[in-house]
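Good morning, and thank you for joining.

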Amino acid sequence: ASLVVVLHGARAKASNLATFFRYWPNENYVVCAPQATGPRWTPPDLERVRRIVKRLQRVLPLDPRKTHVCGFSNGAGNLHTVAFADDIKARSGTWVGMGYRGGVAPPWAKQEFAALFMVGGQDRFADAARQSIPVLRDQVRSIELIVEPDIGHTWPRGQLEYHLWWMGVMEGRFSPGVDQNFDWDDDLPEAVRVARAKRSGVLLYVFDPVADRTSADARRLQTGTFMNPRVRRLGRRMEAVMLERGDPALKAAGIDVERTPSVIVLGPDGTVRQRLSGRIDAGALGAALDTP
């Protein structure tokens with residue numbers, strides 16, 4: 001199983017924050033939410049958290065390479081002391097409602113650690129979160145910022161599903177068709193209608209739920225190419241549709257898919273502009289999405 005360690009905010013109860021993760025054990029995660037001895041996290045508290053992590057790794061059937069840490073507010077402000085501990089080597093860290101307050105990340109983070117910052121658009125720490133991205137960008141394997149509009153200093157509950165998926169991807173989980181990179185729909189005719197009205201286009205992803213399970217190309221597409229910042233930026237301007245190979249909607253649209261994974265870009269008029277399949281890199285897909 002994987003381990004998720006959650007650090008609460010100042011003057012808060014760990015049990016309250018843990019409720020956000022109450023369904024994660026169904027996805028083979030063990031959730032640990034320690035309680036600080038006082039209103040804020042102190043160095044002795046954080047040392048105790050590290051001891052708890054090592055203890056759990058010894059007594060539970062956990063994969064030590066799949067340890068994740070999250071923190072909110074004051075917990076996020078102290079998260080680096082656990083996330084970058086050499087005896088833990090967390091796979092990912094999620095800073096919520098706070099910016100990065102640590103020093104230089106350890107060398108191993110460049111190859112092994114993924115960072116996620118989540119903050120409300122009205123949070124007083126939103127700028128601090130934004131400013132953390134260039135600070136850590138060259139020190140970690142991957143980094144991402146999510147700003148949920150219209151909320152203040154609170155956990156962005158609208159991102160819970162994405163957070164669960166993201167954490168799994170960062171530790172190597174993959175299932176064909178299980179993807180949160182785009183706001184996927186399964187109604188191709190409606191997507192074409194909306195794209196025509198908006199003069200945008202359609203990003204169509206076709207997968208095979210059986211054959212793609214062992215496909216390195218499908219894994220690379222969902223966990224790498226789709227996560228490329230340029231691909232996401234361009235793709236999110238379009239209507240996104242995900243269909244299984246053999247879906248009647250493909251035949252109705254006159255689209256034949258011989259190989260998966262396959263990405264088909266439709267123009268504003270609904271006609272096929274670009275087709276890519278097999279090993280699809282970010283440069284090729286970005287160029288296809290940027291086609292006038």
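Arginine 259 pairs with aspartate 217 in a salt bridge, the closest N and O atoms being 3.8 Å apart; the term denotes a side-chain nitrogen of Lys or Arg within 4 Å of a carboxyl oxygen of Asp or Glu. This pair links distant parts of the chain, 42 residues apart: arginine 259 sits in the loop between helix H11 (248-252) and strand S9 (262-266), and aspartate 217 in helix H9 (residues 216-225). Helices (H or I, at least four residues) and strands (E, at least two) are DSSP runs, numbered from the N terminus. Asp217, Arg220 and Arg259 together form a network of salt bridges.

The model is predicted: local features need pLDDT of at least 70, side-chain atom pairs count only at pLDDT 80 or more, and totals for chains, interfaces and linings use all residues. Residues are numbered from 1 along each chain as its sequence is written, and side-chain values use heavy atoms, with hydrogens and water left out.

The salt bridge count comes to eleven. Another of them joins glutamate 144 and arginine 232 at 2.9 Å, N to O. Glutamate 144 counts as buried at 14% relative accessibility, and arginine 232 counts as buried at 7%.

Finally, histidine 8 lies in the loop between strand S1 (2-7) and helix H1 (14-18). Histidine 8 counts as buried, at 1% relative accessibility.

Definitions and conventions. Buried < 20%, exposed > 50% of the residue type's maximum accessible area, 1.4 Å probe, protein only.
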